[in-house]
Amino acid sequence: MFAEASTVAHEALSSGWFLEHAFLIPIIPAVAFALIIFFGKKLPMKGSELGVLSMIGSLVFAVGAALQWIHRVNGAGEGQFIDPVIRSWTWWNSGGFHFGIGQHIDGLSLTILVVVAFISSLVQIYSLEYLRGDRRYTHFFASLTLFSAGMLNMVVAENMIQLILGWEIMGLCSFMLIGHWWEEGANSRAALKAFFTTRTGDIGLLVGTSVLFFSANSWTQEHLGVSGFSIRGLSAWALTGNPGHAAITVGAVALFIACIGKSGQFPLHTWLPDAMAGPTPVSSLLHSSTMVVAGVFLVARLYPVFFKGMNILGSGVNLITVIGGITIVVAAALAFVQTDIKKVLAYSTVSQLGYMMMGLGAGAWMPAVFHIFTHAFFKACLFLAAGSISHSASHHSFEMKKDMGGLRKFMPITFTTWIISTLALCGVFPFAGFFSKDEIIDNVGHNGYTVFMVVGLVGAFMTAAYMTRATYLTFFGEPRGASAGESHDDHGDAHATHDTHDTHDAQAHHGPHESNLLITVPLMILATLALGAGLFNATPFGESWERMTKWVEPRSVVVADMAHASVGETRGVRTDDTVAPPMMMSSTPTATASGEETPVGGEALTTASESSAHAESVCGTSAPEMGTCYAPQLHHAPFKWPKAAMSVVIVLLGMLISWLISVQMYTKKAGFFVGLTSRNKLLALGYGFLVNKYYLDHLYEKVIVHGIAHPIAKAAYWVNQNILDGIINGVGLVTRRVAGWVYRNVDQRVVDGAVNGSGAVARGTGNALRPVQSGKVSQYGALLFAAAAVAGLVLIIVNT
Amino acid sequence: MLVNQFLILAAVLFCIGVYGVIARRNAVMVLMSIELILNSVNINFLAFALRNGSIDGHVFALYIIAIAAAEVGVGLALVLLVYRNRKSIALDELSEMKG
Amino acid sequence: MVAQNIAFGIIAAIMVVGALRVVTVNNVVHAALWLVLVLAGAAAQYILLTAEFVAVTQVLVYIGAVMVLFLFGTMLTRAQLGREKKLNNSTWYLGIPTSLLLLGVMILALTSSFGNEKLPTDSEIVSTQAISDQIFGPYLLPFWALSFVLLVAVIGAIVLARKD
């Protein structure tokens with residue numbers, strides 16, 4: 001069954017065992033999951049040791065593969081296309097269609113693999129202490145391990161089917177982990193909400209995959225010998241195969257809807273803050289650093305498809321940028337009114353995901369991917385710090401206003417790591433967030449999306465302000481509530497339902513204290529990375545520091561068509577502005593001899609002034625005549641200190657203003673600020689708007705469910721009634737109702753009748769017709785078949 | 001032999017089956033009518049298999065027979081359950097969906 | 001050729017009459033026996049369509065197993081074995097226009113698209129080996145899915161029907 005179909009490895013490029021066997025990375029936790037489920041409860045540490053060991057194993061494999069990839073890139077020639085290491089086997093076939101499974105390893109997947117394996121390892125270690133004594137301890141670790149297997153599988157996926165497999169495993173594990181303490185009604189509701197909201201988006205994933213498959217399959221089979229599900233095939237098809245405009249646009253939009261759901265983008269972001277009902281390690285791993293970036297990852301993975309489908313870098317704005325931009329501001333505004341520390345972080349996550357999406361939408365691929373990388377570290381650290389506070393200081397409460405304050409003296413390590421991560425999140429030089437976020441804003445502006453650059457700066461200002469507010473409420477001022485040693489029984493966390501936690505709770509009554517090493521060591525490791533991860537791609541320090549760009553970004557070169565090239569070597573052509581024109585000519589004679597299209601030197605000259613690390617290729621703008629493109633041509637904004645200084649100043653300003661207001665409001669209780677929202681009508685309106693989350697939940701539940709589903713049901717009653725009761729009755733009824741409606745509304749209530757009248761008619765019709773709804777299956781069956789017959793008739797008429 | 005003579009025979013059987021599903025009150029009779037529908041589909045599959053010279057139609061006809069067996073098994077189990085709970089298998093008494 | 005057409009005509013007439021009886025008689029056991037006639041007729045039509053293996057399966061599974069199930073179902077639910085007055089719904093008449101409409105649409109579609117197209121006459125009987133090559137080759141996955149469906153159906157039927 002599992003015959004090896006193809007090994008697209010490169011002879012000229014170096015490879016290695018880890019790189020060739022990267023498909024093992026998701027298999028390790030998958031096996032561990034099965035072992036935990038079946039044998040976990042009998043093991044000395046109740047299965048948690050298997051989870052931790054499997055994650056460390058995955059991490060070792062991922063790091064090994066990453067090092068070999070770096071070696072591969074370093075050994076490659078300038079301007080050579082770095083082939084991803086692709087292996088594929090037939091997973092199953094049906095009626096001639098072969099569905100593959102395998103690995104597609106390149107810089108992007110290795111980045112995410114390392115991040116996921118690393119954060120998973122730390123979070124599992126942290127959970128050893130955080131969930132000690134939990135009643136579903138083994139199942140928690142099993143779900144966490146299965147989640148990691150799903151995510152890693154999605155990242156290594158060679159084709160869309162495998163990607164969907166991982167995507168859905170993640171969705172399931174997210175549901176299980178959010179509802180881990182399902183005894184509390186709110187938790188299981190939050191789990192269901194998360195599940196259904198992401199499922200709504202997932203319809204787009206299935207539709208988009210199908211649309212792309214049927215559009216691309218024949219091209220990819222002919223030119224590359226791979227199916228239309230293959231990620232490599234889809235990328236090449238989007239850039240090279242002259243895809244139909246409608247097909248690729250529909251496919252890209254459908255896929256993006258899935259990304260909106262999974263990555264908590266604007267209209268479907270409401271599930272993410274509710275998902276904080278899960279245990280804090282879950283929030284840290286799934287709902288901030290890894291799972292929610294799956295949507296961003298999908299856009300980055302199939303970037304050529306989105307590039308073409310959404311017309312990125314084309315004229316005008318595109319959907320991805322708009323959604324990302326809206327999300328940044330909308331979520332950041334919501335973070336101001338939260339009193340729950342985890343909800344602040346949740347909205348902050350949504351906002352940061354907006355940055356990534358906006359970056360991708362505006363052609364800033366590398367900064368967005370780099371932001372995934374850095375954001376994972378500092379956001380995981382922030383969540384784990386919040387968990388540490390609730391675990392050791394605030395008696396399992398996350399309420400900042402009620403149960404925190406003044407904790408910096410009691411929890412020095414948590415405080416320090418929190419501050420470092422906050423500074424990284426806000427984007428203060430030289431913390432990690434500065435390098436990635438500033439790059440996104442810079443590149444968005446550079447690519448001509450000035451409005452969205454402003455949005456990004458506003459978002460940075462707001463981020464700084466709400467994080468300062470949260471920091472102030474948590475660590476400064478006087479201890480309040482639980483952290484002051486008071487115990488109260490009605491705290492909201494479901495921890496309280498653990499009988500086994502009583503011994504621990506007894507400790508907490510002695511007042512806040514620092515957490516133990518299993519919690520602080522992961523915090524310190526993450527904080528170190530929050531401080532230093534930016535150096536992996538430190539654009540300000542010159543090109544030699546842009547290591548991630550070199551290792552991760554796919555080179556946009558025209559690759560000789562694999563089907564026609566007799567040797568396995570791929571040759572790319574690119575002109576580099578650092579290379580003088582005569583040298584360029586001498587360095588690429590073989591390529592020009594093979595008839596590839598050499599980019600015009602004049603185009604290269606335009607980028608020379610920008611000191612771009614990239615060469616100019618036709619990829620993305622037009623299909624190459626010979627060969628294949630796998631990545632669109634993108635430009636990097638040149639780094640300028642004044643711009644960076646401006647954004648840092650904006651951030652510092654945000655912190656300062658927020659700090660001053662916080663001191664006035666929460667400590668000095670200055671008369672002007674306290675109760676301001678209840679005194680000023682305009683502010684009260686805005687506050688209510690934010691507290692109710694823009695009434696989006698109301699919109700979904702009240703307006704969409706009640707407003708659309710119910711009228712449809714009523715319309716169905718109406719149809720039913722008229723068919724059953726005969727046409728004469730129906731005509732009479734309708735005539736009378738129309739006459740009555742005209743009389744009442746046009747004659748009597750011309751002014752205010754429009755709203756009231758239509759509502760009354762809908763209600764009246766529904767009530768009048770309800771008794772006729774029989775509930776008899778046979779009548780429904782008759783309607784069904786009659787409708788099918790009528791539909792068939794319509795089809796015949798249309799087609800002839 | 002015409003293609004249509006088989007297809008129209010199948011259509012007639014299908015419509016008789018539809019009538020049975022709608023008209024019958026006894027749940028077992030409804031299941032029998034569904035068997036009629038499934039058989040008409042099988043005749044279609046085999047007629048097209050002969051017309052197109054392909055074997056796929058035979059494969060799916062076999063699958064349909066297997067599925068029909070499973071459907072009858074579960075369907076009759078459901079009918080038994082309904083009978084045990086209500087002492088009747090009249091479908092028009094099962095009107096809990098009434099609006 | 002003529003012989004085949006005559007055979008088709010006779011069998012088709014029996015099937016239509018049998019099917020009509022299935023949906024009109026007032027006796028569950030009689031309906032089941034009429035259904036046997038229709039299913040046997042269908043098996044005969046399969047042989048005319050060169051589908052020998054499917055025809056044999058039809059006889060074994062449908063007439064052998066499914067009909068026995070139906071008779072058991074009839075007995076276990078203690079339906080009246082004789083004539084029964086109320087075998088039809090109160091709204092049974094709805095079925096007539098619906099099925100006639102459906103039939104009209106289908107015949108319209110069939111005559112307009114296939115007209116007088118003839119079936120190939122020189123085709124050989126499809127061998128069982130060819131079918132098994134298809135099933136265990138490209139259609140292996142549906143076969144697996146089918147085995148799961150059967151397993152689930154067996155378990156489900158046991159769970160539903162057993163007495164607690």
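**Entry 1: a serine in chain A**

I started with A:Ser388 and found it in helix H16 of chain A, residues 365-392. Helices here are DSSP runs of H or I with at least four residues, strands are runs of E with at least two, and both are numbered from the N terminus. This is a predicted model, in which local features need pLDDT of at least 70, side-chain atom pairs count only at pLDDT 80 or more, and totals for chains, interfaces and linings use all residues. Residues are numbered from 1 along each chain as its sequence is written, chains are lettered from A and ligands numbered from 1 in the order in which they are written, and side-chain values use heavy atoms, with hydrogens and water left out.

Is A:Ser388 buried or exposed? I read a relative accessible area of 0%, so A:Ser388 is buried. The cut-offs are under 20% relative accessible area for buried, over 50% for exposed, and partly exposed in between, with a 1.4 Å probe and protein chains only.

I then listed the contacts of A:Ser388, leaving aside neighbours within four places in sequence: A:Tyr126, A:Ala393, A:Met411, A:Thr414, A:Glu514, A:Ser515, A:Ile519 and A:Leu523. Contact means heavy atoms within 4.5 Å.

**Entry 2: an alanine in chain A**

Next I looked up A:Ala117, which sits in helix H4 (residues 107-130) of chain A. A:Ala117 is buried because its relative accessible area is 0%. Which residues does A:Ala117 touch, once neighbours within four places in sequence are set aside? I noted A:Met55, A:Ser58, A:Leu59 and A:Leu152. I also checked A:Gly57, 60 residues from A:Ala117 in sequence, and got a C-alpha to C-alpha distance of 8.7 Å.

**Entry 3: the end of helix H33**

I moved on to A:Asn799 in helix H33 of chain A, residues 777-799. With a relative accessible area of 62%, A:Asn799 is exposed. I took the C-alpha distance from A:Asn799 to A:Trp641 as well: 65 Å, for a separation of 158 residues along the chain.

**Entry 4: backbone angles in loops**

I found a cis peptide bond between A:Phe429 and A:Pro430, with omega at about 0°. A:Pro430 belongs to the loop between helix H18 (412-426) and helix H19 (432-446) of chain A.

Two positive phi values went into the notebook next. A:Asn311 is not a glycine, yet its phi is positive at about 60°. I placed A:Asn311 in the loop between helix H13 (303-309) and helix H14 (319-335) of chain A. Its relative accessibility is 40%, so A:Asn311 counts as partly exposed.

C:Thr50, also a residue other than glycine, has a positive phi near 60°. The loop that holds C:Thr50 runs between helix H2 (28-48) and helix H3 (52-76) of chain C. C:Thr50 counts as buried because its relative accessibility is 11%.

**Entry 5: chain A as a whole**

How many helices and strands does chain A have? I counted 33 helices and 5 strands. Of its 800 residues, 57% count as buried. Among contacts in chain A with a separation of 6 or more, 78% involve residues 24 or more positions apart. Chain A exposes about 30900 Å², with 68% of that from carbon and sulfur atoms. Such areas come from the Shrake-Rupley method with a 1.4 Å probe, and for residues only the protein chains shown count as cover.

I noted the division of chain A into domain 1 (1-158), domain 2 (317-488 + 502-555 + 647-656), domain 3 (556-639) and domain 4 (695-799). Domain bounds come from an automatic or database assignment. The C-alpha centres of domain 1 and domain 2 of chain A are 27 Å apart. Domain 1 of chain A puts 25 residues into their contact, and domain 2 of chain A puts in 25 residues.

**Entry 6: chains B and C**

Chain B has 3 helices and 0 strands, which reads α-α-α along the sequence. I found 65% of its 99 residues buried. The C-alpha trace of chain B spans about 50 × 25 × 20 Å along its principal axes.
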